[in-house]
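This report covers a protein model in terms of its strands, helices, pockets and cavities.

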Amino acid sequence: MSNHGVTLPRHLTKDALDALAMARHAQPFDVLGPHDVDGARWVTTLQPGATRVMVETDGSRTELARIDGDVFAAKVADGAYRIVTIWPDGTETVIHDPYAFGPVLTDLDRHLIGEGTHRELWRALGAHVRDHEGVAGTHFAVWAPNARRVSVVGEFNAWDGRCHPMRQLGAMGVWEIFVPGLSEGETYQYEILDAEDALRRKSDPLGFGSQHPPEQASVVRNIDGYGWRDGDWMAARAARADRSAPISIYEVHLGSWRRRWDEGGRSLSYKELARDLVGYAVHMGFTHIELMPISEFPFDGSWGYQPVGLYAPTIRFGPPHEFRDLVDAAHDAGLGVILDWVPGHFPSDEHGLVRFDGTALYEHADPREGFHQDWNTLIPNYGRTEVRNYLVANALYWTQEYHLDGLRVDAVASMLYRDYSRAADAWVPNKDGGRENYEAIALLQEMNTVVYGADASVMTVAEESTSFPGVSRPVHDGGLGFGYKWNMGWMNDTLRYIGLDPVHRSHDHHLMTFPIDWAFTENFILPISHDEVVHGKGSMLDRMPGDAWQKFANLRAYYGFMWAHPGKKLLFMGCEFAQPTEWSHDGELDWSAAERAPHAGVQHLVRDLNTLYRETPALHLRDCEADGFRWLANDPAQSITAFARFGADGDAPVVAVCNFTPVERTEFQILVPKSGTWDEVLNTDAEIYGGAGRGNMGRVVAEGRDDDATVALTLPPLSVIVLRHAGGT
């Protein structure tokens, strides 16, 4: 072929040049870069807007001919070379040619991606700062099997999809390119010519960073080389996740915990949270903090539950290494970090996963399977090998790259059932005609197997609101394989009870006692989460009946009951000091209230409850075992309940007595497990908590024989007292 007086080699056909000019060439490496033809080396490059282009080899420059539009080519000498471009304003750029480099992904990467078993998928796909063939740059790789062409675009190429079209790696559907000279901080997206000849601009599904919303581009982040200092914590944390451990979780929305009003009301950064949040949670006696989702998300009002960047810690609070600073600081202070993980749905924002290559790639094509009516979001196609790999690898990514101590999986019930929140004609049965989502079940089982298999010291937690069997049973025993499950039934029943006017509680006493019937069927966490203080429900204090005194007393009694009851604990931020109004993500907690009595009293109570829970084996060692609990009294007429908790042999037993009426009871007699002296180790009516200071003067003596000993108690109104055996007979 002859063009502009240059006789071109056989690979530079008119069709190939036209396809390059229109950014429609599916295999640009077949045309661009160096090619040996008939004993000569040709170099071809596309430089939109260039005046002149040369190839520099060993200090000498060879002019390339403009052969078609912005495509330049010529015969050049052998050896390493760089592209020299002269622009209309006279400036000159010198770059290594991206099309002179071979593939980065190995045969093993390709094999594992193809069969959906690349456990460390984030090390293959996404954007990676690296040296390749002796040159520094960034490698980009993305899965888009139905695309006709994929280019990486960014500030570095004026967002022009003609400049860096990518190489397609066989039938696996992955596209890749190494761009020399690009490093940390570059913004980029993928420009995709889809199966319908439409152009799409997509952020990186495996990108490690993003721009600040509402900007939508991914950002190249080098997440290698962080200097972790938490070796001691990591070596010992298995004991802190065990069923026998005290686990008390402080759930936090990072954007609204505190704000800097001296700086326009901005949220705290990861580094500031590493100091302030960690210090506060430790001071309050919690063992873990649980972060509402921080995977990058476009809409603040979703609270993170509609992620578009599952591999990117949100830039709202800082870059990835600074998120690691928060985790590292927590570990240094003896505090675990759990992350809300959202594999159940994703938003339809155009720059995200929706119709990524012009087809329903990550989602289902049929809206009866692929659209969440409750949240106007899309449901991942769990039955697709590559999608399952993407999600399982993401769970592993957070525990490995960010040393997270656990994942709390959001909205598990919506994953398990095909008819979840759907009308009878709006869902597709499984292959057996039932409602169970076999593919989602398999995904959750695989995720738990992989995460625990990689590191048995982490914990996974299911927010699962139904009676689906075996949620926290091992996969090899037929369960889903979670470490723990939120006890939503306990939460719903007990909140319904405590919200009643005390005069009516005697009729619903079962709401406080019935949950024990299933309390040991799973490894349960008792959750008072963000969902209980939003959408018009009011704050926890608002939900209590009565006048101001009764509201605070009811809340203190409820917390006393919760911490004494079997099960690990979770409390949403602000609830620990009886925030007076319901939570809003647009502001911050009402910290001024925490400085006023009786809010400060509730805060002091929660701190003491955490301390008592951690330091008393009977209150945590058998949280998940029926033989760690015994009823002592249930008096519906007086709304009184009493129970004992037991640890290991030799541990002092504990007795909790709850009076849910505003009437003081004196000389109330119950049988206790042991005779002798019992210390009153906690009384929610104590003056320091905002109560009236009524009770048992610090200790009581049980008369009689063990298992048949009687104690007479004073029960303050709307209170819980906790007794611990001190010895004697």
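## Basis of the values

The model is predicted; local features need pLDDT of at least 70, side-chain atom pairs count only at pLDDT 80 or more, and totals for chains, interfaces and linings use all residues. Residues are numbered from 1 along each chain as its sequence is written, and side-chain values use heavy atoms, with hydrogens and water left out.

## The barrel

Eight strands form a closed barrel in the order S19-S22-S25-S28-S29-S30-S31-S32, with parallel pairing. Strands (E, at least two residues) and helices (H or I, at least four) are DSSP runs numbered from the N terminus, and two strands pair if DSSP finds at least two bridges between them. On average, neighbouring strands of this sheet are turned by 25 degrees against each other, direction ignored. Axes here are lines fitted to C-alpha atoms, for helices over the stretch in contact, and angles run from 0 to 180 degrees between N-to-C directions. Leu291 has Leu339 in S25 as its bridge partner.

Helix H6 (residues 270-283) lies across S19 (248-252) and S22, and runs at about 145 degrees to S19. Helix H11 (residues 438-454) lies across S25, S28 (406-409) and S29 (459-462), and its angle to S29 is about 160 degrees.

## Pockets

Pockets and cavities are found on a 1 Å grid over the protein atoms alone: a cavity is a set of points where a 1.4 Å probe fits but cannot get out, a pocket is an open set with protein on both sides within 12 Å along at least five of seven lines, and lining residues have an atom within 4 Å of a point. Grid points are joined across faces, edges and corners, and a volume is the space filled by probe spheres set on the points. The largest pocket has a volume of about 480 Å³. It is lined by 19 residues, and Trp375, Asp410, Ala411, Glu463 and Asp531 are the closest to its centre. Its lining has eight nonpolar, seven polar and four charged residues. Ala, Val, Leu, Ile, Met, Phe, Trp, Tyr, Cys and Pro count as nonpolar, Asp, Glu, Lys and Arg as charged, and the others, Gly among them, as polar.

The second largest pocket holds about 380 Å³ of space. Among its 21 lining residues, Gln47, Ile95, Phe156, Asn157 and His164 lie nearest the centre. At least two lining residues come from each of strands S4 (40-46), S9 (82-86), S10 (92-95) and S15 (174-180), and S4 gives the largest share, three residues. By class, this lining has 12 nonpolar, eight polar and one charged residue.

## Cavities

Of the 17 residues lining the largest cavity, Glu369, Ile379, Tyr417, Arg418 and Asn437 lie nearest its centre. Helices H8 (367-370) and H10 (412-416) each supply at least two residues of this lining. Seven lining residues are nonpolar, five polar and five charged.

Seven of the seven residues of S4 are buried, where buried means under 20% relative accessible area, exposed over 50% and partly exposed in between (1.4 Å probe, protein chains only). Ala40, Trp42, Thr44 and Leu46 are on one side of S4, with Arg41, Val43 and Thr45 on the other.

S4 pairs with S3 (residues 33-37) in the antiparallel sense over five bridges, and Val37 is the bridge partner of Ala40. The two strands form a hairpin with two residues between them, and Asp38 in the turn has a positive phi of about 50 degrees. S4 also runs antiparallel to S8 (residues 71-76), joined by six bridges, with Thr44 bridged to Ala73.

## Other buried sites

Strand S24 (residues 309-313) is largely enclosed by the rest of the structure, because five of its five residues are buried. S24 runs antiparallel to S23 (residues 295-296), with two bridges between them; Glu296 is bridged to Gly309.

Thr661 is found in the loop between S35 (654-659) and S36 (665-672). This residue is buried, with a relative accessible area of 7%. Leaving aside neighbours within four places in sequence, Thr661 is in contact with Pro502, Gln638, Ser639, Pro717 and Leu718.

Key. Contact = heavy atoms within 4.5 Å.
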